[in-house]
Each structure stands twice: as structure tokens, then as C-alpha cells.
Amino acid sequence: MRRISFLFIVLVFISGCRSEQSMEVATEEASILPALNGQESVELPQDQGRPLVIGFSQVGSESAWRAANTKSIKEAAKHANVELLFEDAQQKQENQIQAIRSFISRKVDVIGFSPVVESGWDEILKEAKEAGIPVIITDRSVDVTDSSLYLTLIGSNFTEEGRKAGKYVLDKMRLVRGPIHIAEIQGTLNSAPAIDRKKGFEEMILRNPEMNIVASDTGDFTRESGKAIMTRYLQKYGKDIQVLYSHNDDMAFGAIEAIEEAGLKPGEDIVIVSVDGGREAFQAMLLGKLNCTVECNPLLGPQLIQAAKEVMAGHTLPKRIVTRESVFTKGTAAREIENRKY
């Protein structure tokens, strides 16, 4: 087997040294931690000959996280002198399939995409494989019958993020007696983060038989939907809701607005934990309106570009590249907010 580049090995070693934030990673996975939580720290190899051409299909622009993810990809491509053909799918799978088919017809060197949903990709990925164009998946996973249809998946372990959120709730509510009512706002239906974050969270709260998810609905990762769903929850359950678990920060921010409009104090009357870890979440924690955010790093651009260059150089990539991440609470927000790059 051809060697994995020195850069990948060094980054894996750095990640492994941070044992206090580590998670179980299968042997076929590699872990990459973007130093300083940003992309400028990753050094990319010099280009030789014509620029590398990458076609990338983005989910959409549904959240601040997604905006940071898009910016990271565009800036990393520019920094590495890579020609990037970028398409916004506006959260529609048919748009992504059309974009990927367009990349194939334009004979790009590498195709990258962050899938809207998990299933329904076999046919288009077979077309890419038959055209001899390698495919790199970022952020979200796909469910395909043949895993050779794509080279690697770069991104977070969403199940682990759900477990971290669940563990926080277990610890935070450990002294509360009697039934503990939890409301959940899920991400986009059938998307990998929604499926896995729910799974991981439920795994953890099962350890406390007093905990029960009384309401769960999809908010498509948007602030507006988060507010609308939380408004409905409060109308039905009122003060009986003790914990809110939101699959991303933006939906949590919308829920916070609904909680305040209902005359309650977010972060006090209702414990709120979300996923993403952007700067706005840290500001909300400093105000006492958000209790905890589980980090999901959007700055995947350098890893995508590096992986594409590795492939074109003939190197073999691990099937799974996991970004290691942290958990932040109100107690750590003041110390960490200046370190946020998004």
C-alpha cells in the first residue's frame, strides 16, 4: 500500500496527544485536529503544472455553521491555487445530484460534497466512478451499497457529539428528583447529523430512567424553525419542559427567543444544550442563556484540499478522517471565546 503523506501522520499524532478530548476511533480511521481551530495553520503542498480542479456541492446556507464551512472551503482552495467549482444545493438533494452530474461532464479532477441526506446517492456516485473521478465526502455521511463509490469521509463523529450532549445533561440534572422532561429539536430529517446526534444523546440519557424525551421534531437546522417548534412545545407543555436539546446552535437561538417571549428564562428555567460551538453560542453562554455547546468544527476546507491533492499524487487515504472536538459550558465560555474562528 502506498504511504500516507507525512502531513497526515503528523496531524494524527498531534490529535492523539490530546487524550482528554479523545474518542474511540476505528483502526481504518484517521483523526485530524485543525490547529488553533482554524485553517491558516495547515500548510498545503505547492502546485505543479495546471491548477487542480475540484467541483464541490454544498448543502446550502441554512446556518452560521454552514456559512463558516463554505468560507473555509473557498479560502483553502484560493490559498492552494485550486480552481473550485462551487454549487449551493439549497438543501435539496436533486440540486446536488444535478451539480455532481455537471462536475462529471466538465471532467473535474475531484468531486467533493456535503450530502443533504444519507440515502439516494448510489446512481450518481456510480456515474462519477465510471468517469474515473474520485469523490470525497465532507461533514455528513452517505448510506450506499458499495463503499468504494467514494474515497473518504472528512468530518465530525455526530454520534459522539450526541453522547457528549447527553453526558452534559446527565451531569447537570443529576441532583434533580422525579421525572425530567426533555424537549428535542432535530436537524434536517434523514440527514446524518440528525440521525446520529439523536442516537448518541438517547444512548446516554437511558442511563437515568427518570429522563424522558417528551417532544421531538425537525427544525431543518434553521433559527426560524427552532423558534416555531419551541413555541409549540411551550404551548403544549409549558414549564414542564426542564431541558432542551437542540441539534445545532441556530435552532437553539430561535428556541431561546421563544422561551423569552413566553416569560421564561433560558438557561435557568430551561437548561439548554446545543451542538456547533460558534462564537454566538459563546456569547449566549456568557449571557447565561445557553448552558452548553458541543463543538462541531466547520473549518474542513484545508482537509478537503489536502485530501484532494493526496489523491491526485497517488497516495492512499484512510476511509474515515475524524476531527476531534470539545465541549464548552458557561464556565469556560469567557476563557475560550477569543479562540473561536467562526
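Residues are numbered from 1 along each chain as its sequence is written, and side-chain values use heavy atoms, with hydrogens and water left out. Because the model is predicted, local features need pLDDT of at least 70 and side-chain atom pairs count only at pLDDT 80 or more, whereas totals for chains, interfaces and linings use all residues.

The chain contains 11 helices and 13 strands. Both are DSSP runs numbered from the N terminus (helices H or I, at least four residues; strands E, at least two). Of its 342 residues, 57% count as buried. Here buried means under 20% relative accessible area, exposed means over 50%, and partly exposed lies in between (1.4 Å probe, protein chains only). Contact means heavy atoms within 4.5 Å. Among contacts with a separation of 6 or more, 76% involve residues 24 or more positions apart.

Strand S4 (residues 110–113) pairs with two other strands. Pairing requires that DSSP find at least two bridges between the strands. Strand S2 (residues 53–58) runs parallel to S4 and is joined to S4 by 4 bridges. In this pair, Gly55 stands opposite Ile111. Strand S5 (residues 135–138) is also parallel to S4, over 3 bridges. There, Phe113 has Ile137 as its bridge partner. From S4 the chain passes through helix H4 (residues 122–130) to S5, in a right-handed β-α-β crossover. Right-handed means that, with the strands pointing away from the viewer, the path from the first strand over the helix to the second runs clockwise.

Ile136 belongs to S5. Its relative accessibility is 0%, so Ile136 counts as buried. Leaving out residues up to four places away in sequence, Ile136 touches Val110, Ile111, Gly112 and Phe113, and also Thr152, Ile154, Leu304, Ala307 and Ala308. Ile136 and Tyr150 are 14 residues apart in sequence, with their C-alpha atoms 6.0 Å apart. Glu130, in helix H4, is exposed at 70% relative accessibility. The C-alpha atoms of Glu130 and Ile104 are 9.8 Å apart, across 26 residues of sequence.

Helix H8 (residues 249–261) has 13 residues, and its end C-alpha atoms are 19 Å apart. This agrees with the 18 Å that the helix should span at 1.5 Å a residue. The expected span is 1.5 Å times one less than the number of residues. H8 is largely enclosed by the rest of the structure, because 10 of its 13 residues are buried. These are Asp249, Asp250, Met251, Ala252, Phe253, Gly254, Ala255, Ile256, Ala258 and Ile259. Gly263 follows H8 and has a positive phi, near 85°.

The largest nonpolar core has 28 residues. Such a core is a set of buried Ala, Val, Leu, Ile, Met, Phe, Trp, Tyr and Cys residues joined through side-chain atoms within 4.5 Å. The residues with the most contacts inside this core are Ile185, Met230, Tyr233, Leu244, Ile259, Ile270 and Ile272. Two or more residues each come from strand S7 (180–186), helix H7 (223–237), H8 and helix H9 (279–286). H8 gives the largest share, 7 residues. Ile259 is in contact with Met230, Leu234, Leu264, Lys265, Pro266, Ile270 and Ile272, with neighbours within four places in sequence left aside.

Two residues other than glycine have a positive phi. Most residues other than glycine have a negative phi. Phe221, at about 65°, lies in the loop between strand S8 (211–218) and H7. Phe221 is buried, with a relative accessible area of 3%. Asp276, with phi near 150°, is placed in strand S10 (residues 271–276). Asp276 counts as buried at 5% relative accessibility.

Thr159 touches Asp196, Gly200 and Glu203, not counting residues up to four places away in sequence. The disulfide count is 0, where a disulfide is a pair of cysteine sulfur atoms within 2.5 Å.
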